[in-house]
Amino acid sequence: MFKKFFILSAAVFAVLALSACASGEFSSDFFAMDTYMSVKTYEVDAGDAVKNEAERLESLFSVTDEKSEIGTLNANGRVEASEETVDLIERAIGISGMTDGALDITVYPAVRAWGFTTGEYAVPSPEKIEEARSLTDFTKVTVEGNTVSVPDGFAVDLGAVAKGYLGDRVSQILKNAGITSAIADLGGSIVTVGGKPDGSPWRVAIRDPNGEGSVGVIEVKDKCVVTSGGYERYFTDEDGVKRWHIIDPATAEPADSGLLSATVIGGGCVLCDGLSTAIFVMGAEKAEALWRREEGFEMILVTETGDILVTDGIKESFFLSEGSAYELKVIG
Ligand code: ADP
Ligand code: MG
């Protein structure tokens, strides 16, 4: 009986393996950077290469790993960092400048005070919130050569841009391997190489922050699509208010801008990741002004009042879900 089962399953496996080769499609999924990731490529299997890269970057950037470069910086107040860590810190600070500090990589004391690092969620006392606020200021991070330092009590958290950095690396790795058609979901940061093998665009669903389904689909080629949403990690406080893991650096409290999610689409994944977090903090009005002022990105904003705001550059490639209760408006 056992032998028969073995022969049968071996045959099934062989057929599966053959069909994978025949269609030239390779899929794999894994857990890294505290989230599930998946990658689909054609012609060349790049699953292991992507997983290895995610693990390599995690060992540099992880805020919870004391041995990572960021862990060392936070424990000692300074670190001799790799070029990549220095580069990501500098680019994040650039996005902070661009967004009036809505993105702030020194927001970690607040993230910790609200329990988002441990999962022991609680509303901190007003004193604790004030303390966290006084320890949040990206202009206090200094970079001299490869030496990064922060004042006493300050800490750096690259959580808002790390998956974007991975996205840009993955895109490069896949292209270097000769891959012309691929899609990777790096835990809410989607990176696409080319379009589908038939030449049509990739269709990326944008999750409904109010439910399980999606609000619509965006069609893209060779782009990153990054969403920051309150639904990812949150708890409900005593007053029934949802408190989520994206913090307004100005108050050291969870952002409360009227947005339920912010999706940013563009060619650079670090920019998209940093901006999606910042825009979730800034709210629709300031985001609109930012979009008019800066180049290189488009956005899809889902508001508390049931609107979906889509910028002009993607109005032809965004498709609202059928029967949607949301109202679609174009920022032009
Ligand atoms: P996620 O990585 O969960 O998909 P984000 O890219 O928006 O979502 O990053 C959120 C993470 O970034 C939080 O878990 C926290 O570690 C950190 N963070 C929260 N608020 C901010 C902020 N205003 N600026 C920079 N980092 C933040
Ligand atoms: Mg982000």
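Trainee: Which atoms coordinate the magnesium ion (ligand 2)?
Mentor: The magnesium ion (ligand 2) is coordinated by Ala-160 (O), Asp-273 (O), Asp-273 (OD) and Thr-277 (OG1), at 2.1 to 2.5 Å. Donors are N, O and S atoms within 2.8 Å of the metal (3.2 Å for Na, K and Ca), and water is not among the atoms, so sites may look incomplete. This is a predicted model, in which local features need pLDDT of at least 70 and side-chain atom pairs count only at pLDDT 80 or more, while totals for chains, interfaces and linings use all residues. Residues are numbered from 1 along each chain as its sequence is written, chains are lettered from A and ligands numbered from 1 in the order in which they are written, and side-chain values use heavy atoms, leaving out hydrogens and water.

Trainee: Where do Ala-160 and Thr-277 lie?
Mentor: Ala-160 is in the loop between strand S5 (147–149) and helix H7 (162–176), and Thr-277 is in helix H8, so the pair ties together parts that are 117 residues apart in sequence. Helices (H or I, at least four residues) and strands (E, at least two) are DSSP runs, numbered from the N terminus.

Trainee: Is Thr-277 buried or exposed?
Mentor: Thr-277 counts as buried, at 13% relative accessibility, whereas Ala-160 counts as partly exposed at 21%. Buried means under 20% relative accessible area, exposed over 50%, and partly exposed in between (1.4 Å probe, protein chains only).

Trainee: What about H8, how many of its residues are buried?
Mentor: In H8, 13 of the 14 residues are buried, so the helix is largely enclosed by the rest of the structure. Just after H8, Gly-283 takes a positive phi of about 90°.

Trainee: Changing topic, how many residues surround ligand 1?
Mentor: Ligand 1 is surrounded by 19 residues, the closest being Asp-157, Ser-228, His-245, Ile-247 and Thr-277. A residue is near a molecule if one of its heavy atoms lies within 4 Å of it. Helix H8 (residues 269–282) gives the most to this shell, with three residues.

Trainee: Which polar side-chain atom lies 2.7 Å from an oxygen atom of ligand 1?
Mentor: That atom belongs to Thr-277. A polar backbone atom of Ala-160 is 3.3 Å from an oxygen atom of ligand 1.

Definitions and conventions
A polar contact is a pair of N or O atoms within 3.5 Å; within protein, one must be able to donate a hydrogen and the other to accept it, and residues adjacent in sequence count only if both atoms are side-chain atoms.
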